[in-house]
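Open the model in your viewer and keep the sequence panel beside it. The tour goes from one selection to the next and says what is there.

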Amino acid sequence: MDLHVIGPLATPAERAAVDVVLGPAESGWRGGGRDPGTDGHVARGGHEARGRRDLLLPALHALQDRVGQITQPGLNYVCRRLSVPPAEAYGVATFYALFATKSRPPAVAHVCDDIACRLAGAEQVCADLTRSLGPAGEPARDGTLSWLRSPCLGACELAPAAMLTVAGEAPLRQTIAPIDAAGVIGRLEQAAAFPKAGPGATRAMAPSAATGAPGASGAPGIEAHREAARASVPQAGEPQLQLLRRVGLVDPTSLDDYLANRGYQALEAALAMGPEAVIQEVTESGLVGRGGAAFPTGRKWAAVAAQPAQPHYVVCNADESEPGTFSNRVLMELDPFAVVESMTIAGFATGASKGYLYIRGEYPLAEARIRHAIDAARANGYLGASVTGSPFAFEIEVRRGAGAYICGEETALFESIEGKRGEPRNKPPFPVEVGLFGKPTAVNNVETLVNVLGIVGAGPGGGKRFAEVGSGISTGPKLFCLSGSVGRPGVYEVPFGTTLRQLLELGQGVPGGRQIRAILLGGAAGMFVGADALDTPLTFEGTRAIGATLGSGVVMVFDESADMVGALRRIAAFFRDESCGQCVPCRVGTVRQEELLARLADRVEVRSREQELTLLGEIAQTMRDASICGLGQTASFAIESALRQPELVAL
Ligand SMILES: Cc1cc2nc3c(=O)[nH]c(=O)nc-3n(C[C@H](O)[C@H](O)[C@H](O)COP(=O)(O)O)c2cc1C
Ligand code: SF4
Ligand code: FES
């Protein structure tokens with residue numbers, strides 16, 4: 001693919017959409033009208049345009065939202081505006097699942113067929129949609145609608161789930177759950193017929209929970225917030241909660257409500273104690289990252305603060321794409337100011353004046369709430385050149401992902417913000433030295449950051465008090481995402497050390513008197529355990545002792561009626577699809593793993609079962625030892641763990 005400057009050219013709608021992000025084109029060289037007086041024969045502004053490469057993804061989103069796909073003329077226009085070679089930009093556009101580079105109807109339902117939704121009947125929904133609309137990916141209803149299968153949409157507690165995207169002057173993204181096929185089609189038709197709300201507007205709707213009624217993105221009123229909280233956080237309102245203490249009690253769109261509920265007390269304490277003392281408290285708290293790698297947060301912040309290179313950056317990792325994980329979404333939807341405040345404290349401690357929040361494209365409501373919180377914080381002096389009147393300056397920019405699990409890996413996330421394919425970097429150097437834009441960067445998960453409010457907000461000694469909760473290296477409260485065959489799925493906050501059995505009891509156990517077949521701990525990159533693991537304490541050490549992992553806090557229950565083979569095949573397909581393809585062991589290994597599982601499941605005998613299992617072990621070992629990043633290294637964990645326990649899955 002190359003520039004085709006003699007046409008076809010981008011339509012006025014495409015150009016206008018891109019210009020909203022990039023500003024008007026300044027010269028003929030940059031895709032604007034040619035002015036012989038100023039343009040002459042000398043190209044100006046190329047260096048400056050290339051310096052804005054990080055706006056490539058926002059510009060591609062603008063095209064996708066406006067016309068429902070990234071056409072070649074539209075891509076050419078973006079390339080001229082940013083001085084990016086078209087082949088490279090095409091490589092970026094095709095990397096992300098939510099960007100379409102081929103013609104597609106404007107209204108699309110992305111229907112989750114991942115593991116939790118499968119347990120809740122997603123395959124039936126897909127079969128019904130196929131009957132009514134035709135196969136996934138095909139245009140239906142005179143080319144106005146289509147549907148696609150999607151990996152986990154991060155709404156597993158309300159499963160089965162779907163996300164609607166409708167391109168146009170007033171583009172729409174909307175998550176709906178629980179769904180059935182008739183509901184999806186009805187909402188698609190209704191969404192496609194929405195009145196125009198003006199260019200650039202993105203309406204987001206709350207997961208509709210049991211009612212099916214769309215919650216508006218604006219300020220739906222405290223009762224609607226409470227209802228959303230009850231649907232996703234069964235403990236909402238309970239007095240012992242720390243991380244979820246405001247959920248369901250405050251209006252997440254109200255800064256006043258936040259302030260009235262201990263909001264911004266932690267920032268005030270941080271500014272009073274100074275950056276070193278903040279890092280000291282966080283270090284003494286023993287807080288480790290909740291994004292999966294369990295790295296000590298205090299050490300990470302101290303390392304960034306000590307770097308002589310400037311500027312420093314803070315990045316909030318809100319990509320949350322691990323199947324079965326939704327706690328970050330719930331925090332952002334129902335207590336967004338807490339995320340903004342904790343990022344500000346991270347910036348203060350690490351000497352950063354700029355933060356980025358990278359949120360997955362499948363979280364429209366969370367994104368709307370976070371953007372609103374940032375605007376309100378800025379308007380009231382909690383962000384900007386002088387945070388609460390102090391000499392500390394801090395700004396936050398939101399970047400939307402576009403459907404790529406790998407972009408949760410911290411260095412792939414940097415690449416994505418920089419406007420590239422989300423391909424992980426080799427480490428070292430680590431992000432604390434060479435991170436976003438090559439500068440020292442503290443990257444933290446949403447839940448990790450929100451923990452900091454309790455530590456710093458408690459003032460001097462807050463770190464030590466935090467460390468008294470939990471055990472060993474697992475200190476403080478922890479959010480678990482409970483889904484699958486449980487009476488009350490949702491986000492639960494418990495102290496580290498709570499047993500699996502106790503957590504399941506909080507979630508009202510397996511319904512209908514059925515028995516537990518297996519429990520998936522840590523998500524697709526985690527492990528399956530059996531009912532014999534119910535007394536395991538949920539700590540990093542406790543799960544490690546039984547050969548499992550806590551990962552990002554997924555606890556997904558499969559009862560005796562669950563299709564375990566189908567779940568394993570879905571996990572294998574997930575990794576095959578999400579591998580960035582950069583390194584051979586993962587790119588080839590994930591394909592071979594899926595093929596092997598298919599042979600076992602379909603009883604295709606190429607070699608004996610024992611030989612197949614040996615081969616699977618070798619593939620897994622190669623991926624573990626020779627992959628660049630955690631995706632390849634963990635891609636066989638869940639599958640291997642299940643096959644090691646024939647009582648969990650008969651294959
Ligand atoms: C394939 C892959 C996906 C990841 N996805 C996420 C994610 O969605 N959210 C997250 O916080 N961390 C994710 N991580 C971990 C990040 O690389 C990083 O460790 C984390 O953001 C650091 O923040 P923390 O120390 O607060 O946990 C992922 C890692 C890998 C290898
Ligand atoms: S392990 Fe997989 S996802 Fe990670 S860099 Fe290699 S190919 Fe990409
Ligand atoms: S939303 Fe479907 S599996 Fe998570």
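## Stop 1: N444 and what it touches

Select N444 and show the residues around it: leaving out those up to four places away in sequence, N444 touches T297, K300, W301, V315, C316, N317 and L449. Keep in mind that this is a predicted model. N444 is part of strand β8, which covers residues 441–445. Is N444 buried or exposed? Its relative accessible area is 4%, so N444 is buried, the cut-off for that being under 20%.

N444 and L365 are 79 residues apart in sequence and 21 Å apart in space.

## Stop 2: N328

Keep N317 on the screen and select N328. N317 is one of the residues in contact with N328; the others, leaving aside neighbours within four places in sequence, are E320, N445, V446 and E447. N328 sits in helix α15, residues 327–334. N328 has a relative accessibility of 2% and therefore counts as buried.

## Stop 3: two cis peptide bonds

Go to A159 and P160 and look at the bond that joins them. This is a cis peptide bond, with omega about 0°. P160 belongs to the loop between β2 (145–150) and β3 (162–166).

Then select Q310 and P311. A cis peptide bond joins this pair too, and omega is about -5°. P311 is in the loop that runs between α14 (297–305) and β5 (312–318).

## Stop 4: two arginines with positive phi

Select R141, in the loop between α8 (122–133) and β2. R141 is not a glycine, yet its phi is positive, at about 45°. Its relative accessibility is 38%, so R141 counts as partly exposed.

Next, select R603. Which loop holds R603? The loop between α24 (584–601) and α25 (609–626) does. Phi of R603 is also positive, near 55°, and R603 is a residue other than glycine. With a relative accessibility of 62%, R603 counts as exposed, because the cut-off for exposed is over 50%.

## Stop 5: M527

Select M527, which lies in strand β14, residues 527–529. Its relative accessible area is 11%, so M527 is buried. Show its contacts beyond four places in sequence: M527 meets I519, L520 and L521, then G547, A548 and T549, and also F637, A638, S641 and R644.

M527 and G134 are 393 residues apart in sequence, and their C-alpha atoms are 36 Å apart in space.

## Stop 6: Q508

Select Q508, in the loop between α21 (500–506) and β13 (516–521). Is Q508 buried or exposed? Q508 has a relative accessibility of 53% and so counts as exposed. Apart from neighbours within four places in sequence, Q508 is in contact with G487 and R488.

## Stop 7: the whole chain

Clear the selection and zoom out. How many helices and strands does the chain have? There are 27 helices and 15 strands. The C-alpha atoms fill a box of roughly 80 × 65 × 50 Å along the principal axes. A compact globule of 651 residues would have a radius of gyration near 26 Å, and the chain has 24 Å, so the two agree.

Of the contacts between residues at least 6 apart in sequence, 71% join residues at least 24 apart.

Colour by charge next. The chain carries 60 positive and 69 negative side chains, and the centres of these two sets are 3 Å apart.

## Stop 8: confidence

Finally, colour by pLDDT. The mean for the chain is 93, and 92% of the residues reach 70 or more. Then select residues 195–218, where the pLDDT is below 50. In the model this stretch has 60 contacts beyond near neighbours in sequence. Where pLDDT is low, the predicted coordinates should not be read in detail.

Key:
Residues numbered from 1 in each chain as written. Chains lettered and ligands numbered in written order. Heavy atoms only, no water. Helix = DSSP H or I, 4+ residues; strand = E, 2+ residues; numbered from the N terminus. Rg over C-alpha atoms; globule rule 2.2 N^0.38 Å. Contact = heavy atoms within 4.5 Å. Lys, Arg positive; Asp, Glu negative; His and termini not counted. Charge placed at Lys NZ, Arg CZ, Asp CG, Glu CD. pLDDT = per-residue confidence, 0-100. Buried < 20%, exposed > 50% of the residue type's maximum accessible area, 1.4 Å probe, protein only.
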